[in-house]
Amino acid sequence: MWWNVLGLLAGLALILPGANYLTDGAAALARRFRISPLVIGLTIVAFGTSAPELTVSVVSALHGSAELAIGNVVGSNIFNILMIVGVTALVAPIVVTKGNLSKEIPLAILSSVVLLICGSDVWLGTGAENVLNRADGLLLLCFFAIFMGYTFAIARDGVAGEGEEVKELSMGRCVLYILGGLAALIGGGQLFVDGASGVARSLGVGESVIGLTLVALGTSLPELATSVMAAWKKNPEIAIGNVIGSNLFNVFFVLGTSATISPLTLGNITSFDLFYLLGASLLLYFTGRFYKTRTITRLEGGIMVAAYVVYTGVLLW
């Protein structure tokens with residue numbers, strides 16, 4: 001038990017500095033190559049910080065722990081939107097770009113809709129149980145290929161934003177900061193997941209609840225740390241791009257890969273969880289568009305955090 005607690009604390013100790021170095025390296029790389037910080041957030045930062053989800057879900061699929069694999073992704077995405085965006089907005093209001101509202105956030109909503117459809121066999125009358133089969137997995141990977149094509153299209157057209165506080169780093173230091181930051185985030189996330197899962201299992205908590213809560217929290221800590229650091233350093237595009245990119249990566253690539261390797265039965269991951277994810281995605285869109293136009297305020301951030309607390313309370317109940 002104490003070893004698990006120690007691992008959890010060690011994970012946190014790696015995650016926080018890792019997020020700081022990764023954000024600095026990614027922002028400096030964007031400025032050096034005149035690539036939009038949004039693109040960096042959607043690719044390098046998002047993919048790197050989603051590596052724990054990929055590792056956990058693929059290993060879980062190989063070991064036959066389908067509920068842990070799916071719960072990890074669904075829980076992580078809900079956490080990303082409600083807690084990460086919410087907490088980041090509490091630190092500093094997030095200005096959402098027109099591109100976020102017209103393109104990136106709708107893509108996140110689409111990913112939630114696609115996952116809801118693929119994972120609702122019983123509700124749609126197409127099967128006796130809810131399963132993400134290999135055909136669903138390949139479909140999700142096709143959506144991922146489309147998303148990557150879109151991202152590269154922005155990269156061709158994008159230029160670095162003006163007026164951002166970005167450290168000037170040499171190419172070598174950029175690479176060192178990014179790789180070192182990613183290594184610390186991934187290693188720290190894994191230590192946290194192992195420790196948290198060990199504590200939960202010692203208390204007799206079910207696998208689906210572990211996946212939706214503790215494992216999802218642990219694998220999302222890199223996104224939380226990176227986004228808060230990005231907002232603190234006045235790089236809001238990296239913060240919001242990181243969350244959207246991670247969610248798309250989680251659904252389309254992580255679940256797509258996992259389901260292609262081995263069909264995943266949802267089990268105790270219910271339509272409630274999938275609808276809550278869709279609702280969280282819609283909430284992200286509406287908070288960005290209304291009230292104070294294209295700004296997620298501290299009040300709206302607080303509402304998001306409260307919505308996550310309600311979700312967790314329902315799960316535990």
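Tutor: A word on terms first: helices (H or I, at least four residues) and strands (E, at least two) are DSSP runs, numbered from the N terminus. The model is predicted, so local features need pLDDT of at least 70 and side-chain atom pairs count only at pLDDT 80 or more, while totals for chains, interfaces and linings use all residues. Residues are numbered from 1 along each chain as its sequence is written, and side-chain values use heavy atoms, with hydrogens and water left out.

Student: Thanks! How many helices and strands are there in the chain?

Tutor: Let's take the whole chain before its parts. Of its 317 residues, 56% count as buried, where buried means under 20% relative accessible area, exposed over 50% and partly exposed in between (1.4 Å probe, protein chains only). As for the elements you asked about, the chain has 12 helices and 4 strands.

Student: What share of the accessible surface of the chain belongs to carbon and sulfur atoms?

Tutor: Areas here come from the Shrake-Rupley method with a 1.4 Å probe, and for residues only the protein chains shown count as cover. The accessible surface of the chain is about 12900 Å². The share that belongs to carbon and sulfur atoms is 70%.

Student: Which helices each supply at least two residues of the nonpolar patch?

Tutor: That patch covers about 630 Å² and is made by Leu-282, Phe-286, Phe-290, Tyr-291, Leu-299 and Ile-303. Its residues have over 30% relative accessible area and no salt bridge, with nonpolar side chains (Val, Leu, Ile, Met, Phe, Trp, Tyr) joined within 5 Å; patches of like charges are joined within 9 Å. A salt bridge would be a side-chain nitrogen of Lys or Arg within 4 Å of a carboxyl oxygen of Asp or Glu. Those supplying at least two residues each are helix 11 (271–289) and helix 12 (298–316).

Student: Is Leu-299 buried or exposed?

Tutor: Leu-299 is found in helix 12 and belongs to the nonpolar patch. Because its relative accessibility is 53%, Leu-299 counts as exposed.

Student: Which residues is Glu-300 in contact with, leaving aside its neighbours within four places in sequence?

Tutor: Glu-300 lies in helix 12 and counts as buried because its relative accessibility is 7%. Contact means heavy atoms within 4.5 Å. Beyond its neighbours within four places in sequence, Glu-300 is in contact with Thr-287, Phe-290, Tyr-291 and Thr-295.

Student: How far apart in space are Leu-141 and Gly-256, C-alpha to C-alpha?

Tutor: Leu-141 belongs to helix 7 (residues 134–157) and, at 25% relative accessibility, counts as partly exposed. Leaving aside neighbours within four places in sequence, Leu-141 is in contact with Phe-252, Phe-253, Gly-256, Thr-257 and Thr-260. Although Leu-141 and Gly-256 are 115 residues apart in sequence, their C-alpha distance is 5.2 Å.

Student: And by what distance are the C-alpha atoms of Met-1 and Arg-201 separated?

Tutor: Met-1 is in the segment before helix 1 (2–32) and counts as exposed, at 52% relative accessibility. Beyond neighbours within four places in sequence, Met-1 is in contact with Val-199 and Ser-202. Met-1 and Arg-201 are 200 residues apart along the chain, and their C-alpha atoms are separated by 9.9 Å.
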